[in-house]
Amino acid sequence: MIEVSKKCIGCSKCVPVCPFAAINMIDRKAVMNEACTLCGACVQVCPVQAITITREEGASRDLSGYKGVWVYVELSETGDKTHPKKIKQVTFELLSAGRRLADELGEELCAVLMTDKDQNYAKELGAYGADKVYMVEHDELFEYNTDIFSTVMVSLVTRHKPSVILYGATIQGRDLAPRVASTLYVGLTADCTALAIKDGLLLQSRPAFGGNIMADILAPNSRPQMATVRPNVMKMGEPVHGRSPLVVRESAKLDRSLRRVKVLERKIAHDAAAVKIENANIIVSGGRGMKTKDKFKQLEELSKLLGGVVGASRAAVDLGFKEKTHQVGQSGTTVSPKLYLSFGISGAVQHIVGMKASDVIIAVNKDPNAPIFNVAKYGIVGDAHEIVPKLTEALKKLKK
Ligand code: FAD
Ligand code: SF4
Ligand code: SF4
């Protein structure tokens with residue numbers, strides 16, 4: 001329910017920001033009509049806090065109308081003038097996970113896309129499992145902005161009532177999802193490592209207490225159930241080309257004044273290492289067992305010969321063996337290469353959560369009881385300082 005109190009001074013500031021033309025000025029007072037989706041945009045701009053939105057809470061809410069699994073589609077810039085933006089891989093990973101959840105619930109899988117220009121994205125989203133694409137095309141969506149994107153998302157949710165929404169745990173997803181959650185007064189589980197359906201609810205699993213236990217989280221009294229998932233955590237399914245999702249074009253009247261943050265200058269400071277490690281096919285990783293920075297450097301040559309990227313445990317980063325951007329794990333980057341080679345890493349749970357999705361893990365550790373062997377396909381009990389040079393020499397010979 002939305003109400004305007006006596007405090008309203010008739011300034012009309014709320015009128016242009018309403019994306020749904022739901023506010024009329026009557027007798028110098030704002031009056032909301034039935035087009036209101038409770039998006040909250042007007043609340044933000046009212047200078048005298050005259051507008052209040054009351055949402056039903058907890059068990060008293062009727063949740064039966066909430067259906068469907070949604071995935072927020074994230075776009076990234078390509079630098080190419082003809083196709084300036086592309087869908088980020090994490091979206092396809094979430095669609096693949098969302099497909100399983102939607103099938104289990106017997107509901108639709110929908111992608112939600114906000115953009116200034118549709119580049120025929122629906123085709124790709126359909127190939128990864130979307131039954132439907134909610135498409136909002138508007139000039140104001142030319143770049144991500146918290147106020148604009150959250151307003152649109154909240155209004156779509158209020159209108160269509162999805163049961164589940166998944167976001168990438170990216171800079172954008174981590175900004176948008178909490179904003180949507182707080183506006184809608186629903187929960188949000190960040191950095192989920194597994195998602196499943198239990199008794200019709202979304203079972204959200206994530207490491208807790210510093211990664212020492214896995215917590216299973218359910219939200220029985222609120223909808224939508226919302227979760228963020230890091231890139232590379234969910235396996236991306238094979239695309240099925242030719243599947244065409246239903247495209248539902250949603251209109252939104254977006255006013256520039258809604259945008260409280262204005263971008264004055266953009267400096268793209270891409271962290272090349274982080275981007276590289278996130279998408280690498282081969283990672284040669286080292287831990288405290290590499291002993292010194294010089295010895296750790298041996299991994300560079302090995303990695304080069306294999307065409308890979310060097311990774312590091314947090315201990316190795318803390319000891320200054322490698323930059324933080326190369327750290328694999330819970331507080332570093334989550335990776336899923338085809339081959340993950342680990343030297344002198346014990347296999348603490350915080351490291352494992354960041355690399356266990358790798359196709360093949362080969363671990364070298366001199367302790368036969370090191371936990372890294374529990375996730376390794378091939379384990380070598382031995383001294384990394386003997387094995388790394390031998391492996392490097394053998395590869396050099398092979399290359400000749
Ligand atoms: P150690 O645990 O000290 O292991 C060194 C291993 O090297 C041992 O198993 C030893 O047997 C072996 N070894 C020694 N000498 C040799 C040799 N000559 N040859 C072969 N093997 C040898 N850690 C991460 O990695 N990534 C994270 O993102 C991360 N995030 C964290 C977040 C939180 C909130 C917390 C609390 C911790 C986090 N950690 C993270 C730290 C994590 O708990 C471990 O402390 C860390 O992973 C240990 O790194 P390591 O395996 O290199 O060192
Ligand atoms: Fe306010 Fe949003 Fe309702 Fe418009 S749709 S009246 S901006 S809450
Ligand atoms: Fe009234 Fe606030 Fe709207 Fe101004 S912004 S017209 S004070 S409700």
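**Entry 1: terms and the cis bond**

I count as helices the DSSP runs of H or I with at least four residues, and as strands the runs of E with at least two, numbered from the N terminus. I am working on a predicted model.

I looked up P224 first. P224 lies in the loop that links β14 to β15 (225-229). Is the peptide bond from R223 to P224 cis or trans? I found it cis, with omega near -5 degrees. I note that most peptide bonds are trans.

**Entry 2: a positive phi**

Next I checked Q49. Where does Q49 sit? I place Q49 in the loop between α2 (41-45) and β4 (51-53). Q49 is not a glycine, yet I read a positive phi of about 50 degrees for it. Most residues other than glycine have a negative phi.

**Entry 3: ligand 3**

I turned to ligand 3. Which residues surround ligand 3? I listed C8, I9, G10, C11, S12, C14, M25, A30, C46, P47, V48 and I51. I sorted this shell by class: ten residues are nonpolar, two are polar and no residue is charged. The space that ligand 3 takes up is the largest cavity.

**Entry 4: ligand 2**

Then I went to ligand 2. I find ligand 2 in the second largest cavity. How many residues are around ligand 2? There are 15, and C18, C36, C39, G40 and C42 come nearest. I sorted this shell too: 13 residues are nonpolar, two are polar and no residue is charged.

**Entry 5: the three-stranded sheet**

I moved on to the sheets. Strands of a sheet pair through backbone hydrogen bonds, either parallel or antiparallel. In what order do the three strands of the open antiparallel sheet run? I read the order as β12-β13-β14. The edges are β12 (194-198) and β14 (213-217), and each of them pairs on one side only. Neighbouring strands here are turned by 30 degrees against each other on average, with direction ignored.

I followed one pair in detail. β13 (residues 201-208) pairs with β14 over five bridges, in the antiparallel sense. Within this pair, I see S205 opposite D216 of β14. Helix α3 (residues 89-105) packs on the sheet and touches β12 and β13. I noted an angle of about 5 degrees between the direction of α3 and that of β12.

**Entry 6: the five-stranded sheet**

I then traced an open sheet of five strands. Its order is β18-β17-β19-β20-β21, and its pairing is parallel.

I picked out β17 (residues 282-286) and β19 (residues 339-343), which pair in the parallel sense over five bridges. The bridge partner of G286 is F343 in β19.

Key
Residues are numbered from 1 along each chain as its sequence is written. Chains are lettered from A and ligands numbered from 1 in the order in which they are written. This is a predicted model: local features need pLDDT of at least 70, side-chain atom pairs count only at pLDDT 80 or more; totals for chains, interfaces and linings use all residues. Side-chain values use heavy atoms; hydrogens and water are left out. A residue is near a molecule or strand if one of its heavy atoms lies within 4 Å of it. On a 1 Å grid over the protein atoms alone, a cavity is a set of points where a 1.4 Å probe fits but cannot get out, and a pocket is an open set with protein on both sides within 12 Å along at least five of seven lines; lining residues have an atom within 4 Å of a point. A molecule sits in a cavity or pocket if more than half of its atoms lie within 2 Å of its grid points. Ala, Val, Leu, Ile, Met, Phe, Trp, Tyr, Cys and Pro count as nonpolar, Asp, Glu, Lys and Arg as charged, and the others, Gly among them, as polar. Two strands pair if DSSP finds at least two bridges between them. Axes are lines fitted to C-alpha atoms, for helices over the stretch in contact, and angles run from 0 to 180 degrees between N-to-C directions. Contact means heavy atoms within 4.5 Å.
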